[in-house]
Structure formats: structure tokens, C-alpha cells
Amino acid sequence: MISIEWFIALSAVLFTIGAIGVMVRRNAIVLFMCIELMLNAVNISLVAFSSYHGNIEGHMLVLFALSVAAAEAVVGLALIIALFRNTLSVDIRNLTLMRF
Amino acid sequence: MSYTTLFALVLLGLPAVGALTLGVGGLSNASLRQKRTTFGVLATAAVYIPFLATLYLGWNVFQSGAFTVNFGTFIDAGRWSVDLAYLIDPLSITMALVITGIGTLIHIYSIGYMSHDQGAWRFFAYLNLFIFAMLQLVMADNLLVLFIGWEGVGLASYLLIGFWFKKRTNTNAANKAFIFNRIGDFAFLVAMFLLLQEVGTLQFSGLLENVGMMSQDTLFWVGLLVLIGATGKSAQFPLFVWLPDAMAGPTPVSALIHAATMVTSGLYLITRLSPMFVLSPEVMMIMAVIGALTAFIAATIALTEYDIKKVLAYSTVSQLGFMFLALGSGAFVAAIFHVVTHAFFKALLFLGSGSVIHNMEHAIEKTRGKIKVGENDGATDLDPQDIRLMGGLRHSMPITFRTFWIGTLAIAGIPPLAGFFSKDEILMHTFSMGVGEFAGPLYMVLWAVGMGTAFLTAFYMVRLTATTFHGESRLDAALPGASSAFHESPRTMTFPLWKLAIGSIIIGWIGLPNFVVESLTGQEAHIHLLKEWIYAQAADLKVTLSYATEWALLAGSIVVATMGVFVGWRSYGNGQWEQTDNMLQARFGELYNTFRERYLLDEFYEKVVGEPVQWISKNILEPVDRIGIGGIVAFFGATTRVSGGVLRILQAGLITNYAVFILLGVLFVLAMMILGPVVGGTP
Amino acid sequence: MTTDLLAFLPGLLTAIGGLVIMILGAFRAKKQVVVPSTLLFLLGAFGVAIWQASMPTSVAFSDMVRSGSFASFLIAIIVFAGIVTTLVNQEVMQGRRAHSPEVYAMILFAITGMITFVSSNHLLLLFVGLETMSIALYVLAGLYKNERHGVEAGLKYFILGAFASGFLLYGMSFVYGATGSLHFQALALASPEVTQTLFFRAGIGLMLVGFFFKVSAVPFHMWTPDVYQGSPTAISGFMSTASKVAAFGAFWVLLTPISFSVDASTQAGSGSMAISALYWISILSMVVGNLTSIAQQDLKRILGFSSIGHAGYLLMGFVVATPQAFTAMLFYLVAYTLMNLGAFAMIAHFERTFGWTDASMDQLKGVGRIAPRRVALLSLFMLSLAGFPPLAGFFGKYLVFSAAIEAGFVTLTVVAILSAIVGAFVYLRVIGQAYFEQGESAESQSVDPQKGMGWGMVIAASLLAAGTIHFGIDALMPWPSLLDWVNGFM
């Protein structure tokens, strides 16, 4: 049996990769994928904790997190399409009209 | 809500509602402002309905005694709190009746008086605001609510003095009134602080029950400070100089605010606190001296004035001086009595003068319209308020003429008109103090000054009336044919005149002297109705004179008043003001010139206060402010701006940069959470 | 079941309302139908919330939802903000392409999310409520999808919001790992051994990050001015008030039992485990928010930075953590909602009336001469934001500051007062610009400047102005019951 620490470590590594991705990438779609990665990293840890504690609450939160992520994907991709229509690119460096 | 609370709410709230409605209505729509009569009628209703409410409340008080109406906590400051409470007792009802009753008449009068003025909507809104503030002042159950009214009437007075604000002198007069009042207000505030510190409450009954807690020194200082406050508001020496200038406002304002009501608020305050004042004879003495001095000085100035409103203004100051003399002699009932009678006859006189001025203005303008431009340039600066241009008005304005005479006789103290009873009672109290133990000789001198002033009052009032109404019209000399344009004022103006004239005749009968009956029947009499009504609030000192002395004083008063009228009539009855005034000037010489120059008080203030302050401001404070304080402010301002500019650069607009900041924040929060409390400057 | 549904009635009403509006939109219903129906549902929810506010707190749906007293009070504020936003929005967006019925559906869905958020008694529901609110707000922020500003606002808000949600969810998972439950009560009753663990503390910290992001506290604030600038102005007002009320309310319910009572029992006198984070974030927020607002030229950005500063003052309530401080915080939320909504509404109105292309300060020049009364309204809200008596904003600050002083946080209060002075300068500059600067821009507009406010603006502005003045003069009115709630809760 794999002990819980491994799951936590995996989730932490994935979460960090996602967070760093948000900070270094320039493509809006990749940024969005990085966020999805962060959320799924959390899901791993939740499932792991759920089975560690032997109750179902963590599982339930994962289900809801997944559906929320799906809803976010809808809005996010729609916004990215709108961005593409306006600038013909999905580079977030174009999104600096409002600053300072 | 009980009926009494409801009626109290109407009394206190309706004028405010009126002021707001008229003000907002006039502000919102320019065409609405043209409906001047509607504005006037609405404003009158907002005073008349409260008058009826006061009558109801007064009946309630008469039946079941005084009560308070509490609308909840106004300020809760921990150790002390102040309620938004109002005291409904005989004294406040008396004042409220005067304010709303005479206020109603003056509102009616104003409908006619302001019917051609473009700013009438503003005028009525201000008048209602004044009534509201004045009712706050007299109905308040504690000093703080009273202070709201106190400042409120100051504001309304300021707005109304400067009502015709396009003329520089008017706005200056408004500023002067406001600033001189501020001097008194400051003292009043300090008195309140002292009371809070020493007694811990501002509520009247609590305050007066605990006056015993205060040391003699505190009593003296609180009394003196309240007195200074009252001196400012009620135009007493040496702060009275603002009142004559305040005549720059429309005449109904002079009648309502600067004669009948606002200027009596200082007297009201002292009467309200009379149980405290009687414990401090020194303050009482100062008060009496100020009162007598004011009465005399103002009366002498009034002798030499030629502006009809200025004469009445100085006469008001003089009568207020009488009231202060009454307060200082422990005759609080008599002071309030004189407030009531004076409100009637002085409002009457002012409204009469307004009617005269209205007529003069009209005649001058109408006649000047007929004359071709350049033909008679001397007529361009004719002052419609100058009595030297009047004369002979008795033919063209019979109602004004008759009512004005009634007012004159009332203020002169001819029995059985109103002024006689109140003035007699005041002088009797002063005489009684004169034979007392504390500062007896001084009070005797004050009594003599009072008698002299009573004579002067009758004299200068007859001078004014005779010069205005008798003799031949002198306006024709300056502006040929002008007298044919004279006419009586409209009914909205003459109606209040008659009402006030009737009041000036009969209102004195609410204070018939008790001793008249007592000396005849030998039993205690109760025909002084006002005393029966408010004795519980006014802590009168007892009069300790024999019946014979009182009869003698009564006779003395009558003789002095009659002599004043008689001498005045002999000197001015046929319009011979010029000869008489020249004769007086020749006889009294420099003294007369002193009167004429108003004791140089304005010049004195200018030299002693105005110029040094300006010098200090210009040569010391201004550089300190500009270089020192301004520099510090500029330094901090610049630093702040620069740091704002630097922080702004962080906001580069790039999402990934923002994410970096969020991650830094995450690390910071996590560090704080794991390291535990690391807080600077906390316990 | 019925009692459960009744307890959640405001949320149900707004959710059903949102669906109805969506359907109406599908059938191309006119605005004259959509707006009144939206208002109807919101008024219904408001009435229910007011009615429930007088009832004691109760739980429903197997302890998942709490209703009554405090929660209903927050719901009432949120729904009120929704009503005002609807009134303003239908007027200022008239004739714009983005003005579709779905806007109102999204407002209703956002409110549903907020209601879920503040009613939650379980982290699952908290997350779902927060995300429902956020997703609806992402859509609203990006409403001008054909303009680059609009897309930029929407996408910035979306990416950073989702990023912050990731941290929040991670924090929940940590807390769950430490305690084995997602239930508020279970977290509150966790033993000191559990709460001392690294997992628990880190979990609370990460959840706080989600909270800080929503209330735009420094350094999680960067999105705020950009998003407020790019979104439709009425929507910016909604975002800056309702979502903050929801976040403050929900996190107060969540954090108070965990971090204050439990910790206080183990570490006597040291306050909460989160106090140092809250303390510094609060100071940073008010200093950075107010200082940066000085350098701004755009009215909506100014209000954005101002809302950051106000978040700092509101956070003081969490730092001080006495019943008085929490009560003051709740009052401040009411005041803040009124005055900030008012400021945004007036700017939205000017934008429309004068045909502004942006909301820069220069546009305001000379407007005070053309529309003095409307600028007076704007000035009223600005003065309240600056904290001038006798307006609601003054009493908000006064109550918070005096609670802080009473609890001994002198340094914090001094910093707060200094930053408030800096902030006051900015608000006064706006008023000065409108009244005292000569401007040609407004006068040369082709739009008829005399065109006044429509019924929606009139109702909204008078409600807000009346509230701002009323709570400034009679600030103590809601005070006793608020204090009772807070005491009962702690």
C-alpha cells in the first residue's frame, strides 16, 4: 500500500507546476490549462485524504470541484475566443491596455 | 403616540417641513418661484398650525402641569448622554405662543411686503427655518438641544440680514451680526463644558436640582459665561453694535427676529437658569449694570438718529437693556413679561415702519419714473428710511398712523397700554433691590438711570412718530409731486398692524400688579396672571416694599412717561425736528455729538480689535503659515504623490505579473500562519 | 423539507428568477418585461431576507445551510445591492449591444451564488457558492466582449480568480486532511493538537488567500482597478460591493470560531493564529490602496484603489476581533455598500448622459456647472467615502477605529487614520475637478446635457443618498441588534 505522503507530495508537485505555469506562460489557453492542473492537483489530495479518513466528504468535494471546473472552462474558453476575435491572438501580453 | 406628543411633533416639526418644502421647491424650479403668494401662504400655515398646537399644549399644561416629550437619545457619549427631549412647561409655552403668534402675523404681513421681490421663496423658506430653530431653542429640555436652536437662529438671522446680498453693506452687516454672536456663543459653549464637568448633565431639571453641588466660584464663572453668551445674542453692551446694522434685512425680519423673538433668547436662557443665577449675586449685579447701561446708551443714541429703522433698533436695544436690568434685579417674571409686551409693540412699530418705508419707496420710484433722466439728479439717492424726508404721512396712511401711535404710547409706558405694566414692575424690583442689603446704593443708581431712560424712551419715540406722521410732507421739496403717490399699504399688511395694536393695548393686563388689590382689600391677591402661570420656572426674588412705596413708584412711572410724551410732543409735534435737534445739540454740545457718533463703539472695535488682528495676521501669521506650515504640508504632499507614483508602476497590467504578486502574498500569509503571531505595536 | 426550502428561500427565488430570465431571453422578451421581472424576484428575496433577519439562526439541509439573523442581514444587503444595480444598469446600458436579458440573469445567478456563500455552513457549499458567484461575475466583467477593454477585464478577472480559487480549494483540502471534516462546526471543535498542525495552519492560510483575493486586499489586489475600469460601470459597482459583503460575511462565519475562540484558549492573550497575516495585509491594503489612488487619472480606477483601501479598514475588524470591532465591520459594510454603489452609479450616469468614451478625470471638468445637482450627489458619496461627518462613511470609520483603540491597536489605528487622510485628498480632488475646473469637454458634447436621470437612476440614487445620510446621522440605529448577533455568534 502506498502511504498518504506520496499522494500529498504528488499533488503538491502538480500544484506547484500549475502555479509556476500561470506565472511564466504567455498563452491564454496554456494559462488556463495550468489552472486546471492546479485544481486537479487539489482533487488528488482531496481523494487521498478522503480515503485516509475513511469518509466521503472529500470525494463529494472533488465531484463538485470537477463540475465547477467544467463551468469555468465554458466561461474561460468563451472569453479566450472573444480575445482571439479582438486581437487575432491568444497572447496575454495583449491584455495590457489597462495598467498603472 | 399620545396626542400631546403628536402636537409637540407638529409644533417642532412643521416649520422645518415648511422650510424644506419651500427651499427645495424654489430651488428645483425657477417658474415655481414666481408663485410668491403661494409660498407666503404655505409658510404662514407652517407657523399658524404650530400656533394652534401650542394653544392645545398650553391648555394641557394648564390642566395637568408641565411634561417632557422625549424623542430618544440624541448623543450617547459613554459617561453622559443627551436626549432629544423637549420641555413643555408654562415658560416654554409662553415663549412659543409669542413666537408662533407674532410669527404668524409677521408672515401674513410679509406676503404683502415681499409681493414684488423675486427672492420671496427664499425669504419664506428662511423665515420658516428661523421659526423652527427658535422653537428648538425655547422648547429644549437640555442645553445642547437649546444650543442647536441657538446656532440655528443665528444662521437664519445671518441669512436674512444678508437677504439682499447683492449690496455689499448688507453682507457686511450679516457677517458682523454673525461674528459678534460667535463671541457670545463661544462663552456659552465654555459654560456648557463647565457645567458638564461640574454637574455632569445638561438637562435642565437635573442641572437646577444640583446647583448646590457647585462651588461659589463655579457658579460665578458659569453665570458670567452664560451672561456673556446672552449678551451677544440679546445685543447688550458692549456687544450690541451688530443689531442696528442688522436692520439691513427686510423689515419683517427686523420685526420678527431682531425685535420680538431672537434677541430675547438670551433672556429666556437666563430665566430658564434663574435658580442658578440667584445664588450668585455678583453675576446678578453685573447683569443689572449691563442692562441699565445698555438701556441708557441706546436710548441716547436713538435720540439723534434719523433712520426710522435705526431709531427702532436702538430702542430695541434699550428695551432689552431694561429686561436685563429686570433679570439683574431678580425680576425674572417681569423680564419675561416685558419680553411678551415688547414683542407686541415693537413688532407693531417695526411693521408700521415697514409700511411707511414701503410707501416712501413706492412714491420715490413712481415719481422718479416721471422725471426725465438728468433732470433731477439729486433725487437719485433719496433714502426712503430717512425721517427727515417724511412728515405729513398721517393723511395718506391713516391705519399705519393710528397703530404707530398706539405702539408709541405702549412703549412710552402710558397706562393702561402694555408697556406701562411691565416697565413699572421692572423698576419696582430694581428699587426693591436698592433698599436691600447687597449693593443697595448701586441698585438705587440703576433705578434712577432706569427712570431717566424711561423718560428718554417716551421722548425719542414721540420725536420719531411726530416727525414721521405730523407736520407737512418734506419729500416734495426733494422730489416735487412725490406726495401725491402716497397710499396706504395693502390689507395683508394692515391686518397684522391692527391685530398687533390690539395686542399692544390689552396684553399688559395679564400682569396687573398684585399690590393694587392687596393694599385695598388687605388680602393676598392673584391678579398678576403671568406670575401665577410661570412662577415655578422663574425664581423671582421677593419685593420687600411697603404698599405706600409701591403706589408712589407707580405714580412716579406714570408721571415720567407722561412727561416724556408731553415734552416730546411740545418739541416735535409740528414737524419742527430741525429746530429742536439743533437746540439740543447746542445745549448738550459734545455730549450730543457723542450720542450722534454712537459712542464711537464701532471705531473702538476697529482700532482695538480689528487693526491689531489684521497686523498680526499679515506680518506674523501669514508668513508662518505660508512658509512654515505650507512647507510642511507641501513636503508631505509631495512625498505621498511620489510614493503613489512608484506604487503605480507595480501595476504593469500583465496577468502573469499579477500572479507573481499573488504567489508572494501566498508565501507571506503562509509564513505568518506558520511562524505565528508577529505583530508590531500590539498588546 | 419544507422548512429547509423556506430557510433557503431568498436563494431559491433568485435562482428561479435567473432561470426565468434566461427563458424570457430565449423568447426575445423586451427589456420592459425583463427588468421588472428581475426586480420582482429581487424584491421578493429582499422581503424574505428582512423577514428572516428577525428570526434566530437556524440550520437546514442537514446542517449545510444556516439562515436567519446574521446570514439574512447579509443577504438583505447583497440583494439590495442587486436591486440598485439592476435599476442603474437598465438605464445606463440602454441601447448598447451588450445589453441583453442575460445580463439580468447573470446578476441573479451571481446573487444566488452570494446567498449560498453567506448561508454556507460547510466548506463544500462555501466553495460552490463562491464559484457560482465568481463565474457569473466573470461573465458580467467581460460583458463588452467586442471591445478590448471588456475582454481584458473579463479575462484578467477570470484567470486570476481561478488561480486564487485553486489556492482556496487547496486550503480546504489541507484543512480536511487535518480534521477529516468539511463542516464548520467540526472545524471549530477541532482539538488544539489538530489546530497546531502544520496542515491545519497552512490550510487556513491558503483559504485566507482566496478570501483576500475576493476582497482585493494587497497584494492580491492587482486585478481590481483593471477589472473595474473595463467592466460596465454599474457592474463594477456591484462587484465592488456585493461580492465583498459576501466574502466578508462568509469568512467571518467560517473563521471566527476556528481562529479566535480555539486559539485564544490555548495561547492566552495572543489572539488568533491568523492575526499577524491579517494585521499586515490590513495595513498594506490601506496604505497601498490609498497611496496609489493619488496617481490615478481614471475615476473607475480611483474607486478601484479606494475599494482596496476600504478593504484594509474592514480587515481591521478581523484583526481587532472584539465584538465591538465585528459590529463596526458589519456597519462599515452597510455604509461602504451604500456609498460605493452611489459613486459608481453616478459615474455610470455621467458616462451615458455626456457620452464619455472613458471615465477619466478630465471628462469631469466643468460638469459641475452643467449638472450641479447631480454632481452634488456624486460629491455626497465621495465625501462619505472620504469619511466626512455626518455621512455613513464617517461613522463606519469612527466605529472601526474606536474599537481598535479600545482593544489597544494604536499603531494600526494611526496608520489607518493617516491613510484615510491621503484617501480624502483623492475624493476631494474629484469634487474639485467637477466644480472648480473650467472644462470644454462637457459643454461641447452633442448629447443634451439637460437630459436628466430616468426613473431607475432617480430611485437608486435617492435610496443610496438617503441611506448614506441616514446612517451618518442615526448610525446607532442598527447597532444594538447587530451587537446582539455578534455576541450571540461568538
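**Exercise 1.** Which residues of α6(B) are buried?

*Solution.* Start with the list: B:Ala173, B:Ala174, B:Lys176, B:Ala177, B:Phe180, B:Asn181, B:Gly184, B:Phe188, B:Ala191, B:Met192 and B:Leu195 are the buried ones in α6(B). Buried means 20 or more other C-beta atoms within 10 Å of the residue's own, exposed means 12 or fewer, and partly exposed is in between, with C-beta atoms placed from the backbone. Helices (H or I, at least four residues) and strands (E, at least two) are DSSP runs, numbered from the N terminus. Now for the spacing: an α-helix has 3.6 residues a turn, so residues three or four places apart point the same way.

Before you go on, note that this is a predicted model: local features need pLDDT of at least 70, side-chain atom pairs count only at pLDDT 80 or more, and totals for chains, interfaces and linings use all residues. Residues are numbered from 1 along each chain as its sequence is written, while chains are lettered from A and ligands numbered from 1 in the order in which they are written.

**Exercise 2.** What do the buried residues of α6(B) pack against?

*Solution.* Look around the helix in chain B: the partners are α5 (143-161), α7 (204-209), α8 (216-233) and α9 (242-245). Then step past the end of α6(B), and you meet B:Gly200, whose phi is positive, near 85°.

**Exercise 3.** Where is A:Leu61, and is it buried or exposed?

*Solution.* First find the helix: A:Leu61 belongs to α3 (residues 57-87) of chain A. Next, count: A:Leu61 is buried because 26 other C-beta atoms lie within 10 Å. Last, list its contacts (C-beta atoms, placed from the backbone, within 7 Å). Skipping neighbours within four places in sequence, A:Leu61 touches A:Leu46, C:Leu124, C:Phe127, C:Met172 and C:Leu182.

**Exercise 4.** How many residues does each of chains B and C bring to their contact?

*Solution.* Chain C brings 40 residues and chain B brings 31 residues. On the side of chain C that touches chain B, α13(C) gives the most, with nine residues. Sort that side of chain C by class and you get 30 nonpolar, seven polar and three charged residues. Here Ala, Val, Leu, Ile, Met, Phe, Trp, Tyr, Cys and Pro count as nonpolar, Asp, Glu, Lys and Arg as charged, and the others, Gly among them, as polar.

**Exercise 5.** Which residues is C:Val400 in contact with, leaving aside its neighbours within four places in sequence?

*Solution.* Go through the list: C:Tyr313, C:Met316, C:Gly317, C:Ala325, C:Ala328, C:Met329 and C:Tyr332.

Conventions. Two residues are in contact if their C-beta atoms, placed from the backbone, lie within 7 Å.
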